[in-house]
Amino acid sequence: MTNRQATCRCGNLIIHTRGEPVRVSICHCLACQKRTGSVFGMQARFPLDAVTIEGQSREYVQAGDSGAVARFRFCGDCGATVCWESDGVPGFVTVAVGAFADPGFPPPQVSVYEERKHSWLGLPDEMEHFD
């Protein structure tokens, strides 16, 4: 079984995952763009029972483009968002892939909200693509 660790920038908020993610995706919604400061967010979804969270975190609650409410956990010291849970996907924790700091992390299989994708960004054809 694969065990991974994701952390905030300062290392005070740590997420331990067991097993492979059930989904790795790229999201182009405006909320993810603002959350990451990038042109998309990349995240990995794990079953709730495969995730352990250590350290202090603060919470930011926001409705996404789908209307589902997500509860984002971020470090109160460095401000990095590490994981979140969404009412639209109960029973799962989503972890920001960049928080793993692992260039060998599994690639995304899905790209969502592509109507908001930056026109210059190219993605592999073999991914699932959703507007």
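Visitor: Why does C75 count as buried?
Guide: C75 counts as buried because its relative accessibility is 1%, and the word buried is used for residues under 20% relative accessible area, with exposed kept for those over 50% and partly exposed for those in between (1.4 Å probe, protein chains only). The model is a predicted one, in which local features need pLDDT of at least 70 and side-chain atom pairs count only at pLDDT 80 or more, while totals for chains, interfaces and linings use all residues. Residues are numbered from 1 along each chain as its sequence is written, and side-chain values use heavy atoms, with hydrogens and water left out.

Visitor: What makes the sulfur of C75 too far from the closest cysteine sulfur for a bond?
Guide: The closest cysteine sulfur belongs to C10 and lies 3.6 Å from that of C75, whereas a disulfide requires two cysteine sulfur atoms within 2.5 Å, so this pair is too far for a bond.

Visitor: How many aromatic pairs does the search of the whole structure find, and why is the one of F72 and W84 called tilted?
Guide: There are three aromatic pairs in the whole structure. F72 and W84 form one that is called tilted, with 5.3 Å centre to centre and 40 degrees between the planes.

Visitor: What makes the pair of F100 and F105 stacked?
Guide: F100 and F105 lie 4.7 Å centre to centre with 25 degrees between their planes, and because this angle is under 30 degrees the pair is called stacked. F100 is buried, with a relative accessible area of 7%, and F105 counts as buried at 8%. Ring pairs also join F46 to F100 and F105 in a cluster.

Visitor: How do you know whether Q43 is buried or exposed, and where does Q43 lie?
Guide: Q43 lies in strand β4, strands being DSSP runs of E with at least two residues, and helices runs of H or I with at least four, numbered from the N terminus. At 7% relative accessibility, Q43 counts as buried. Contact means heavy atoms within 4.5 Å, and beyond its neighbours within four places in sequence Q43 is in contact with residues including V24, S25 and W84. The C-alpha atoms of Q43 and V24 are separated by 5.7 Å, although the two residues are 19 apart along the chain.

Visitor: Is S25 buried or exposed, and which residues does S25 touch?
Guide: S25, which lies in strand β3 (residues 23-27), is buried because its relative accessible area is 6%. Not counting residues up to four places away in sequence, S25 touches G41, M42, Q43, P108 and V110.

Visitor: Why is A101 called exposed, and why does Y113 count as partly exposed?
Guide: A101 has a relative accessible area of 66%, over the 50% limit, so A101 is exposed. Y113 has 21% relative accessibility, between 20% and 50%, and therefore counts as partly exposed. A101 is found in the loop between β9 (92-96) and β10 (110-112), and Y113 in the loop between β10 and β11 (128-129). Each is a residue other than glycine with a positive phi, near 50 degrees for A101 and near 55 degrees for Y113.

Methods
Phe/Tyr/Trp six-rings, centres within 6.5 Å; stacked < 30°, edge-to-face > 60°.
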